[in-house]
Amino acid sequence: FSLGISRTKSQCVPISSALWRMRATSVPPCVGVLVGCHRTAPRSRAVSTRRGVSSSATSSPEVDALGAWITGRGGDVSKTKVGHGDRGRGLFAKRDIKSGEVVVRVPIACALSDSTRRTPPYPDAPWAVRLAHALLRERENDDHAKYANTLPTETVGFANACVATDDVVVGDLVADEHALDELGRYRLLLQSSHAAVKEKHSFQDWRWAMSLVHSRTFRVREPRAVSKDGGENNNKTTTTTRRLLVPYVDLLNHDSRADSVSCQWDVVWDDSGTGGGDFMVTACRDIKKNAEIVASYGERDDRHFFLFFGFLPKPNPHNRVTLFRGLEDAAWWYENLCGDADDTQEAWKGARHKAVQKVQEETRNTDPEVETELKNDPSQRTCVHAENEEAAALRVGVDACVDTRLLRLFELLSGDCDVAIAACRVRARELLQTLGDAEARVSENESETVFEDDVAVSLASEYRARRRALLEGIA
């Protein structure tokens with residue numbers, strides 16, 4: 001087995017006999033390189049397991065009215081129709097569509113945006129709060145009511161299920177500390193933001209709106225002309241992140257397999273500098289008449305789909321399980337695993353620092369535009385921090401692919417590639433044990449308690465099973 005990495009014995013720390021015993025275990029030859037990723041309510045309501053809608057929102061008059069409204073404002077949905085397939089309700093081709101053809105065109109004026117041009121419910125409100133606020137405000141508008149009539153009436157995703165409010169129960173149901181962290185942040189945002197809008201919107205309506213903006217939003221880059229002092233003019237053009245709820249387009253269903261995706265989307269901005277333009281969906285392969293038009297919601301692992309979309313893609317080649325939060329976390333774990341004497345602590349401290357710094361230098365990938373955007377739009381800070389946290393996590397994915405940063409770190413600390421791989425296997429076994437303990441408690445609770453939301457419980461069970469399968473691939 002070879003990762004193509006030179007061994008640096010001079011930077012090693014002596015490892016304990018326990019770790020040498022690990023080296024004697026067999027090493028799976030399939031451990032390899034991790035492929036990166038990209039894109040982007042009330043207790044009485046059940047969580048939805050699909051992006052589909054309730055029966056009250058699927059009538060053709062409502063969808064037809066939405067299409068007519070978009071067409072009347074300069075858009076075009078004539079090549080598509082709404083129907084039902086294996087993925088639930090979605091968009092289908094009315095005729096044969098050639099690769100490169102525009103499938104749907106929706107004016108940006110028809111979309112709802114988190115733009116700072118709109119008054120936020122409170123200063124520096126994050127994008128989700130601004131967009132949820134816009135959705136609730138505009139659904140009473142005669143025009144956007146046509147869009148609201150086609151939206152789900154139930155909340156979407158495990159994060160909005162009734163069982164997700166019970167800390168004891170949800171801890172074992174999810175059995176993933178990183179998903180629980182994200183769930184906790186979402187619940188805090190949901191509760192704190194509602195406090196700012198409670199005079200206008202009930203918690204039931206607010207959670208509904210927040211669940212939709214977390215499951216139906218498109219992230220785009222909007223060009224903006226700025227001057228050196230930050231004022232707007234035509235001296236320089238930069239971009240800023242915007243989130244959009246796009247009527248009709250959000251009927252597209254998802255597939256995680258690249259060879260099953262038949263369209264892609266983009267925004268063609270006009271030259272007005274006021275955020276105008278068209279949201280374009282273009283065929284990326286030939287689409288036969290009556291075939292479903294399928295998009296990608298992004299190369300995400302199961303966690304986001306589970307928490308916010310209410311379904312798990314089958315299959316999901318981008319699924320991954322977090323082994324460590326980051327390099328420092330992994331380095332500390334490795335030191336504790338080796339269990340050397342106290343008199344080696346200073347040596348370990350220096351070795352950890354050097355190894356982490358070395359891996360960071362080898363893999364550093366900074367984006368100066370992100371820092372500029374944070375300066376110009378502080379409301380994006382929460383999202384950027386979450387993305388940075390996700391990028392720092394060290395994971396195992398499909399086909400036993402382990403993040404090379406983790407393997408490199410363990411190799412620097414041990415001086416041996418095989419030992420690095422063996423350490424990853426030990427970590428996987430630890431997580432499997434934790435997962436097994438949680439599942440045993442869930443089984444015990446199920447025999448004693450009738451869960452209010454069995455759909456959410458079933459979804460959580462599938463989520464745990466898919467995590468287990470990835471961990472077993474390297475254990």
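Helix α13 is followed by G415, whose phi is positive, near 80 degrees. Helices (H or I, at least four residues) and strands (E, at least two) are DSSP runs, numbered from the N terminus. This is a predicted model, in which local features need pLDDT of at least 70 and side-chain atom pairs count only at pLDDT 80 or more, while totals for chains, interfaces and linings use all residues. Residues are numbered from 1 along each chain as its sequence is written, and side-chain values use heavy atoms, with hydrogens and water left out.

Helix α13 covers residues 404-414 and is mostly covered, with 10 of its 11 residues buried. Here buried means under 20% relative accessible area, exposed means over 50%, and partly exposed lies in between (1.4 Å probe, protein chains only). Among the buried residues of α13 are R405, R408 and E411, as well as L406, L407 and F410.

The protein chain as a whole contains 15 helices and 14 strands. Of its 475 residues, 51% count as buried. The chain exposes about 21,900 Å², of which carbon and sulfur atoms supply 49%; accessible areas come from the Shrake-Rupley method with a 1.4 Å probe, and for residues only the protein chains shown count as cover.

Helix α9 comprises 12 residues, 327-338, and should span 16 Å at 1.5 Å a residue; its end C-alpha atoms are 17 Å apart, which agrees. The expected span is 1.5 Å times one less than the number of residues. The buried residues of α9 include W333, Y334 and E335. Just after α9, G339 takes a positive phi of about 60 degrees.

Strands of a sheet pair through backbone hydrogen bonds, either parallel or antiparallel. In this model, an open sheet of three strands has the order β4-β10-β9, with antiparallel pairing. Strands β4 (102-107) and β9 (263-269) stand at the edges, each with a single partner strand, so one side of each is left without a neighbour in the sheet. Two strands pair if DSSP finds at least two bridges between them; β4 and β10 (residues 277-283) pair over five bridges. Within this pairing, V104 stands opposite V281 in β10.

A161 lies in the loop between α4 (145-148) and α5 (167-174). Its relative accessibility is 0%, so A161 counts as buried. A161 and V457 are 296 residues apart in sequence, yet 9.3 Å apart in space, C-alpha to C-alpha.

Side chains of opposite charge can pair when their charged atoms come close. A salt bridge is a side-chain nitrogen of Lys or Arg within 4 Å of a carboxyl oxygen of Asp or Glu, and by this rule the count comes to 30. One of them joins E292 and R87 at 3.0 Å, N to O. This pair links distant parts of the chain, 205 residues apart: E292 is in the loop between β10 and β11 (294-295), and R87 is in the loop between β2 (80-85) and β3 (88-93). E292 counts as buried because its relative accessibility is 13%. R87, D255, R257 and E292 are linked in a network of salt bridges.

Another salt bridge joins R187 and D167 at 2.9 Å, N to O. R187 belongs to helix α6 (residues 177-197) and D167 to helix α5, 20 residues apart. R187 is buried, with a relative accessible area of 18%, whereas D167 counts as exposed at 54% relative accessibility.
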